[in-house]
Amino acid sequence: MSFLSHLINGISLGSIYAIIALGYTMVYGIAKMLNFAHGDVIMVGAYVCFFALNSFGLPPAVGIPLAMLVCTALGMLIERLAYKPLRAAPSLSVLITAIGVSYFLQNGAQLIWSTNPRVFPSVFENAAVNLFNGQLTISINTIVTIAACVVIMVGLTLFTGKTKMGKAMRACSEDKDAAILMGINVNRTISVTFAIGSALAAIAGVLLCSAYPLLKPTTGSMPGIKAFTAAVFGGIGSIPGAFLGGILLGIIEIFAKAYISTELSDAIVFLVLILVLLIKPTGLLGKKTVVKV
Amino acid sequence: MDRLVPTPSLGVIPERDSGKPLILDIHGLGIDFGGLHAVEDFTLLIGRTEIAGLIGPNGAGKTTVFNLITNVYQPTRGVILFDGIDTRGKRPDEVSRMGIARTFQNIRLFKDMTVLDNVLVGMHNQIPYSMLSAFLHLPSYHRKEKEAREKAMDLLGIFDMQHMAKWQAGSLPYGAQRRLEIVRALATDPKLLLLDEPAAGMNPAETAELMENIRNIRDRFQIAVLLIEHDMSLVMGICEGIAVLNYGKIIAKGSPEDIKNNPTVIEAYLGKQED
């Protein structure tokens, strides 16, 4: 029964990675850049939700959309100020800028909110579902996290597959210059991509801090890097790949913690990544078989 | 085919288009790449429903002219008036929305998308629902999407490609990919269609069919077509006005008959005759 419990915890953690990885992979697919500040947008989202709930006493039903709104604006602002001027610059300059933005957000958060960790309030009811005569307990938090990931995944797949903005995104991802000559405003498309990715980051931030309720300015950085790993693992640029990569990474991490070693769990996660990339350099679902965004 | 008649600005256009505003009026266009005058003093008029050809040896600057017309390149000198409007300073996507569509010499379809989705991307700006109604799945969203799909299928019908709608664009045979590019360009609802070597890689039978299709497209949509092509049977067969480019400069302009017998053109293509 503990195996099943670990598996569910792994899927839950993986769901958070997957939601973050979606932001990485969509931005990469369309803007062809690695937005290393993405992890820190998660942290900002969590802080916004924290203050909305704790300082202003707002209910989560207001706090979470508020966090999404702030992160959407933040993501679009970052794109506008930091990345858009570098549209024609070599990718290395953009990468370094992204790392710079990441540090800017972390240090900005330290300045405004101090380095003291804060205890994130429980957003969801502190209840649990008992199965098999109480041998297996699944918290509401876990269920909500997995459900959120599935809903987001289905929603994004429909969005990119069916709507005209989604089609424009796929067109930009495949051939930006041809898309422009079809009358598509690429700058606007990139902006929308950042908006969606950042709104998802806010959700991930709330879910992450609900599961691991210690909030610091560096809270987003490690999950951010792991989610990036998940995106590469699944095949960067691919939406189903980010989903699969995220879930698998979560499961591997929890299993490594449970059965091998807590200290080595991160090392094992990255070892798996290295092995996958050695065998399949484009990631699990990289290129060909997938709907790219 | 109408005979060519002079315009007030001394170009020639088909007789049926005379008296109507020009679709394309290019004056003294030039672009430098470093010290190289890639295109120099390029002047061309195109009537509203004219099929015009741009020919010349490899490297003459023909595709550069297309890139200038679509504002992918900003000209160093000169003016392009499209339907009477100066296109200087506009972004390529804005120029596309004004009504200029193009195909590419090296096919640039969205290969991982379906044939139908490629056409729908072309129709991007004519599907007028908002993001909100898409998210909320309002009836207006479904109606507009349905209309768009019907129109896309109708356009695919020009080349009898409806049965390929669900295929992946990259899996199409070469000739079908070229035809799909034309359909995708038409989907943007252009007034001027630029075709960059539409018959490249096609056999004579396919080329003959393509000629018929281009003429039908012009008749049905009442648009102008400017095409770059090396296949002289196609150029001489359907173009009403032809401009010949060599080393970035126009060396001859006129009807197919004029061009065929022009000694400068023959020299550019075959080299100077020694005697």
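In this predicted model, 22 residues of chain B are in contact with 17 residues of chain A, contact meaning that the C-beta atoms, placed from the backbone, lie within 7 Å. Local features need pLDDT of at least 70, side-chain atom pairs count only at pLDDT 80 or more, and totals for chains, interfaces and linings use all residues. Residues are numbered from 1 along each chain as its sequence is written, while chains are lettered from A and ligands numbered from 1 in the order in which they are written.

**Interface**

- On the side of chain B that touches chain A, the elements giving two or more residues are helix H2 (92-98), helix H3 (115-122) and helix H4 (131-135) of chain B; helices (H or I, at least four residues) and strands (E, at least two) are DSSP runs, numbered from the N terminus.
- That side of chain B comprises 8 nonpolar, 6 polar and 8 charged residues (Ala, Val, Leu, Ile, Met, Phe, Trp, Tyr, Cys and Pro count as nonpolar, Asp, Glu, Lys and Arg as charged, and the others, Gly among them, as polar).

**Confidence in chain A**

- The mean pLDDT of chain A is 90, and 97% of the residues score at least 70; pLDDT is the predictor's confidence in each residue, from 0 to 100.
- Within chain A, confidence is lowest in strand S2 (residues 128-131), at a mean of 78, and highest in helix H3 (residues 60-83), at 95.

**Helix packing in chain A**

- Helices H2 (residues 38-54) and H4 (residues 91-113) of chain A pack with their axes 8 Å apart and at an angle of about 25°; axes are lines fitted to C-alpha atoms, for helices over the stretch in contact, and angles run from 0 to 180 degrees between N-to-C directions.
- H2(A) and H4(A) are therefore roughly parallel to each other (angles under 35 degrees).
- From H2(A), A:Gly39, A:Asp40, A:Met43, A:Val44 and A:Tyr47 meet A:Ser102, A:Leu105, A:Gln106, A:Ala109 and A:Trp113 of H4(A).
- The contact of H2(A) with H4(A) has 6 nonpolar, 3 polar and 1 charged residues.

**Sheet in chain B**

- An open sheet of 6 strands has the order S8-S9-S10-S5-S11-S12 (chain B), with mixed pairing; two strands pair if DSSP finds at least two bridges between them.
- Strand S8 (100-102) and strand S12 (249-254) of chain B are the edge strands, each pairing on one side only.
- Strands S5 (residues 51-55) and S11 (residues 241-246) of chain B run parallel and are joined by 4 bridges.
- B:Ala52 has B:Gly241 in S11(B) as its bridge partner.
- Helix H1 (residues 62-69) of chain B packs on the sheet, and its direction makes about 150° with that of S9(B).

Notes. Angles under 35 degrees count as roughly parallel, over 145 as roughly antiparallel, 65 to 115 as roughly perpendicular and the rest as oblique. Two residues are in contact if their C-beta atoms, placed from the backbone, lie within 7 Å.
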